[in-house]
Amino acid sequence: MRRLPVLTALTAVAATLALTACTDASSGSGSTATGDTPSVESFDPSTIAKDDAIAAMLPADVVEAGTLKVGTNATYAPAEFIADDGKTIVGYDVDLAKAIGAVLGLDVEVETADFAAIIPAIGSKYDIGVSGFTITPERLSEVDMISYFRAGESFAVAKGNPKDVDPSDVCGLSIAVQTGTVEDEALDGLMADCEAAGKPDITPLRYTSQADVTTNLVGGKADVMYADSQVVAYAVAQTGGQIETIGDIFADSLHGIAIAKSDTALTQAVQAAVQKLMDDSDYTAILDAWGNTSGAVTTAELNPAVS
């Protein structure tokens, strides 16, 4: 796991939390740059043609049903959240699920559920789970997982970095975070690191919504915004480039599509469909629409080695 030098003194507990920064869809870090439920044009699956060879890999029961049932937790923009109409589930995870269905020649039914309840229901209630699941050894013991995204944590500053922020040393700066997030907890560790090193104190700016975090960065009250990497990337897009990411993504991990271990044929078909979307650039087009091409990977790997 990669960390910036200033993070070296964080506790093991904080490190563990960082690994799950993007796995708990109820963490509240899904608010967006300009509002909690932005209106974004979702992906149109009619632009993708069915691949007969890949569709032929599907198990008979799924073909007969004609529908791919997808479990998600729609509280985590821009991956999955409820649109302004109060009912439509949108996000890059949702668009990816629709694209997979298009390749397989299936309708797609996306249902929101409690985050912790999705994986136990894979193979019974849901065919697949797509909800920002970090691939972990524990989850790999329960389900098969196909990698499709890499996310972590990152910093953002005002466009052009007018305060000349060095991401490897944020001591002495005002840092905005959303309360209740992993970054909120990690900020305490950053503050302790600066104090222990005898460096200027960090001024913490804590807000209940990510929209307020971003607004205060744009307005100049905060020097730095600290959030999940996909949330930061989306904020950059939503503000029209008034802010920019600085430094590399850190505490990063792979996200995976969850499928029951007993569904070997379905797993192979979904893996092939995701790889085709990657190879045909439809996958990157989906991520680009949500400002998150920085999280793109090139291989839909089955059960990648993780620690």
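Modeller: Let's go through a disulfide, some aromatic pairs and a pocket. Keep in mind that this is a predicted model.

Colleague: Cysteines to start. How many disulfides does the structure hold?

Modeller: It holds one disulfide. C171 is joined to C194, with an S to S distance of 2.0 Å.

Colleague: Remind me, what is a disulfide?

Modeller: A disulfide is a covalent bond between the sulfur atoms of two cysteines.

Colleague: Are C171 and C194 buried or exposed?

Modeller: Both C171 and C194 are buried.

Colleague: New topic, aromatics. How many aromatic pairs are there in the whole structure?

Modeller: A search finds eight aromatic pairs. Take F81 and W290: their ring centres are 5.8 Å apart and their planes are at 90°, so this pair is edge-to-face.

Colleague: Where do F81 and W290 lie?

Modeller: F81 is in strand β3, residues 80-82, and W290 is in the segment after α11 (282-289). So the pair ties together parts 209 residues apart in sequence. F81 is buried, with a relative accessible area of 3%. W290 is buried as well, at 0%.

Colleague: Which residues form an aromatic cluster with F81?

Modeller: Y234 and W290 form one aromatic cluster with F81.

Colleague: What about F155 and Y226, how do their rings sit?

Modeller: Their centres are 5.0 Å apart and the planes are at 55°, so the pair is tilted. F155 lies in strand β7 and Y226 in strand β10 (residues 224-228), so parts 71 residues apart in sequence are tied together. F155 is buried, with a relative accessible area of 1%. Y226 is buried, also with 1%.

Colleague: Last one. What volume does the second largest pocket have?

Modeller: About 210 Å³. It is lined by 13 residues, and D61, V62, A65, S124 and D127 lie nearest its centre.

Colleague: Which element gives the most to that lining?

Modeller: α3 does, with three residues. α3 (60-65) and β1 (67-72) each supply at least two.

Colleague: How does the lining divide into nonpolar, polar and charged?

Modeller: Five residues are nonpolar, three are polar and five are charged.

Conventions
Residues numbered from 1 in each chain as written. Predicted model: local features only at pLDDT ≥ 70, side-chain atom pairs only at ≥ 80, totals over all residues. Heavy atoms only, no water. 1 Å grid on protein atoms, 1.4 Å probe; cavity = no way out; pocket = protein on both sides within 12 Å on 5 of 7 lines; lining within 4 Å. Points joined across faces, edges and corners; volume = space filled by probe spheres on them. Helix = DSSP H or I, 4+ residues; strand = E, 2+ residues; numbered from the N terminus. Nonpolar A, V, L, I, M, F, W, Y, C, P; charged D, E, K, R; others polar. Disulfide = S-S within 2.5 Å. Buried < 20%, exposed > 50% of the residue type's maximum accessible area, 1.4 Å probe, protein only. Phe/Tyr/Trp six-rings, centres within 6.5 Å; stacked < 30°, edge-to-face > 60°.
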